[in-house]
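Here are my notes on this one, jotted down as I went through it. Have a look at the model first, then read on.

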Amino acid sequence: MSVFIIRRLLQSVVVIWVMSLLVFGGVYLIGDPIDMLINPEADQEDIDAAIRALGLDKPITEQYWFFLINAVKGDLGSSFIFNEPALQLILARMPATMELAFAALFLSIVLGIPLGMWAGLHPNSLSGRSIMTGSILGFSLPSFWVGIMFIMFFAVVLGVLPSGGRGETTEFLGLQVSFLSWKGLSYILLPAINLALFKLSLVIRLSRAGTQEVIHQDYIKFARAKGISEKRVILVHVLKNIMIPVVTILGLEFGSVIAFAVVTETVFAWPGMGKLIIESIDQLDRPVIVAYLMIIVFMFIVINLVVDILYSVLDPRVRLQDVKA
Amino acid sequence: MTASTGEAVIETTGMSSELSPFRRFISDYCESKVAIAGAIGVLVVAFIAIFAPWLSPTNPYDLATVDIMDSRLAPGMQMMSGVTAHVGTDGMGRDMLSAMFYGLRISLGVGAMSGFVALLVGVCVGLTAAYFGGRVDMLIMRIVDLQLSFPAILIALVLLATLGKGVDKIIIALIVVQWAYFARTVRGTALVERRKEYIEAAACLALSHRRIVFRHLLPNCLPPLIVVGTVQIASAISLEATLSFLGIGLPVTEPSLGLLISNGFEYMLSGKYWISIYPGIALLFTIVSINLVGDRLRDVLNPRLER
């Protein structure tokens with residue numbers, strides 16, 4: 001067991017290191033931040049001073065070495081534009097992204113499970129088939145386009161919801177959050193639904209498949225034979241059993257919700273990490289790009305590692321296979 | 001391409017029929033009306049994309065004919081040159097219909113090109129893994145699994161943040177994102193096919209590895225590949241549009257549908273809906289049509305479904 005965990009940990013470290021090399025090397029080659037950042041009217045002396053101050057005069061290997069050493073210390077460089085540590089800049093925007101992501105997950109569970117169960121219990125009804133058609137659309141429509149349509153319809157035509165931004169926030173456990181005031185809710189509603197659509201379709205499909213499988217099991221027949229009301233059979237016996245795969249898969253998909261938040265945040269001007277990275281790419285703010293990519297890759301690797309270890313605890317075949325290989 | 005598809009299917013499923021394989025495939029496909037609509041949609045889109053320069057009322061990228069006075073005209077109004085802008089003009093005075101035709105050309109071209117190269121790469125890698133097995137297989141599938149554990153948009157973001165904008169760069173990014181799906185699909189099918197007698201027979205005839213893999217194994221792995229390929233082209237077009245919308249995909253000089261939507265987005269809040277909406281509808285029409293065709297192909301090409 002510990003051999004397995006150590007191997008997986010080492011693998012993760014290697015992946016992170018390869019990523020840092022790729023990201024740093026690639027980002028270095030994009031363009032010349034000096035042209036972007038220094039006043040075009042500055043004379044050569046000022047330009048040289050600025051290059052030295054930003055550390056751009058050193059050879060690339062040395063820059064990478066400093067980056068690596070500092071990264072281990074938790075310092076990923078300072079933004080060229082904001083002149084703040086890149087890590088802080090990103091962490092400051094993380095709560096907004098996290099709130100959006102959790103809101104989206106919450107919506108996809110709360111809406112997806114009942115809709116999926118309904119479609120599973122009434123597979124041939126009009127409503128059941130409409131739900132399934134809707135879930136296909138949720139998979140295939142590009143989410144930025146759906147977001148634009150939301151803005152078009154709810155903000156421009158009806159004028160009932162704001163078109164973007166975060167609006168006012170309330171303090172909750174030391175964090176600024178939107179969901180505690182009506183005003184804040186009106187701002188988070190559209191982006192959260194937009195971000196949720198893809199996962200919602202996934203949850204609908206999973207719960208439908210789960211329901212159709214569970215409903216024919218013996219314990220459901222037994223529960224019915226005992227005379228338990230149909231409501232209780234569905235709400236307790238069926239629901240509990242379809243929850244397991246749904247929750248597992250949603251946990252795995254959390255990382256991809258954060259990745260997709262980039263699109264939603266850009267459409268709705270939501271002040272999170274995703275909007276920051278797009279702006280940083282536009283402005284060639286290298287330290288922020290590198291820091292963001294490293295943080296998100298790190299998150300993914302941690303999620304995958306935890307899942308792998310949990311699986312190996314639950315299913316010994318996984319780790320045996322790995323040790324043999 | 002379609003003709004060989006039909007033949008491949010019949011060979012694998014071993015169906016006997018009086019109709020020629022191609023006819024049989026077509027008649028199976030046409031049993032679904034929605035699928036016919038999808039196929040017509042794909043043909044229309046492909047026709048527009050190929051003949052865009054001849055179909056467009058104006059050339060939207062000829063700076064000599066684009067007039068800033070025409071900017072943001074509502075649909076149906078006449079431009080300075082006397083041409084009617086049926087779906088309006090954009091912020092720079094370009095006829096939206098022409099811009100959309102050209103945009104469709106770029107979107108479809110990028111999607112098809114990246115899908116095709118990714119298919120080639122994925123097929124070679126996947127077949128190698130399945131045919132040789134052992135360590136080669138393990139190594140390749142580790143890489144595939146690792147890549148598939150990251151969402152496509154994140155990989156594309158990493159690549160484009162490091163490579164920069166450009167048609168070639170986005171095609172590279174899309175290939176990197178997609179090849180793993182093809183590799184996994186072809187490996188799965190090839191592993192099953194490899195154990196069948198005809199491969200054993202070919203090996204007994206002492207045919208070369210290359211001949212067995214490409215002449216015997218590959219043709220029998222085609223049906224699932226065609227389905228995955230169709231769906232992947234749709235998702236590549238969608239991903240390209242998303243990346244261009246974010247401003248990290250194509251450069252402004254080569255606007256795809258995604259970039260047109262993005263350009264129109266800033267005018268939408270002031271009620272000038274057409275700049276964003278019409279390219280969006282075109283994008284949606286394209287993606288949905290391709291998906292409908294892919295969905296039907298999945299049913300027709302699946303030998304396990306009884307018909």
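**Notes on the two chains**

1. Starting with chain B: if you take its contacts between residues at least 6 apart in sequence, 67% of them join residues at least 24 apart. Keep in mind throughout that this is a predicted model.

2. On secondary structure, chain B comes out with 12 helices and 2 strands. Going along the sequence, the order is α-α-α-α-β-β-α-α-α-α-α-α-α-α, with the β-β pair following the opening run of α elements.

3. As for burial, chain B has 307 residues, and 50% of them are buried. The chain exposes about 14400 Å², and 64% of that comes from carbon and sulfur atoms.

4. One helix pair in chain B is worth a look: helix 2 (residues 21–29) and helix 12 (residues 274–301). Their axes come within 10 Å and cross at roughly 120°. That angle makes helix 2 of chain B oblique to helix 12 of chain B. The crossing of these two helices is right-handed.

5. Which residues make that contact? From helix 2 of chain B you have B:F25, B:D28 and B:Y29, while helix 12 of chain B brings in B:V293, B:R296, B:L297, B:V300 and B:L301. Sorted by class, the contact between helix 2 and helix 12 of chain B has 6 nonpolar residues, 2 charged ones and no polar ones.

6. Next, B:I248. This residue sits in the loop between helix 10 (209–246) and helix 11 (257–268) of chain B. Is B:I248 buried or exposed? Its relative accessibility is 4%, so B:I248 counts as buried, the cut-off for buried being under 20%.

7. What surrounds B:I248? Setting aside neighbours within four places in sequence, B:I248 is in contact with A:I278 and A:I281 from chain A, and with B:L157, B:L160, B:K165 and B:L243 from chain B. There is also B:A161, 87 residues away along the chain, whose C-alpha atom is separated from that of B:I248 by 7.4 Å.

8. Now chain A, which has 13 helices and 2 strands. Of its 325 residues, 42% count as buried. Chain A exposes about 16900 Å², with carbon and sulfur atoms supplying 67% of that area.

9. To close with contacts again, this time in chain A: among those with a separation of 6 or more, 73% are between residues 24 or more positions apart.

Terms used
Residues numbered from 1 in each chain as written. Chains lettered and ligands numbered in written order. Predicted model: local features only at pLDDT ≥ 70, side-chain atom pairs only at ≥ 80, totals over all residues. Heavy atoms only, no water. Helix = DSSP H or I, 4+ residues; strand = E, 2+ residues; numbered from the N terminus. Buried < 20%, exposed > 50% of the residue type's maximum accessible area, 1.4 Å probe, protein only. Contact = heavy atoms within 4.5 Å. Areas by Shrake-Rupley, 256 points an atom, 1.4 Å probe, with all protein chains shown as cover. Axes fitted to C-alpha atoms, helices over the stretch in contact; angles between N-to-C directions. Parallel < 35°, antiparallel > 145°, perpendicular 65-115°, else oblique. Left-handed = near helix turned anticlockwise from the far one by under 90°. Nonpolar A, V, L, I, M, F, W, Y, C, P; charged D, E, K, R; others polar.
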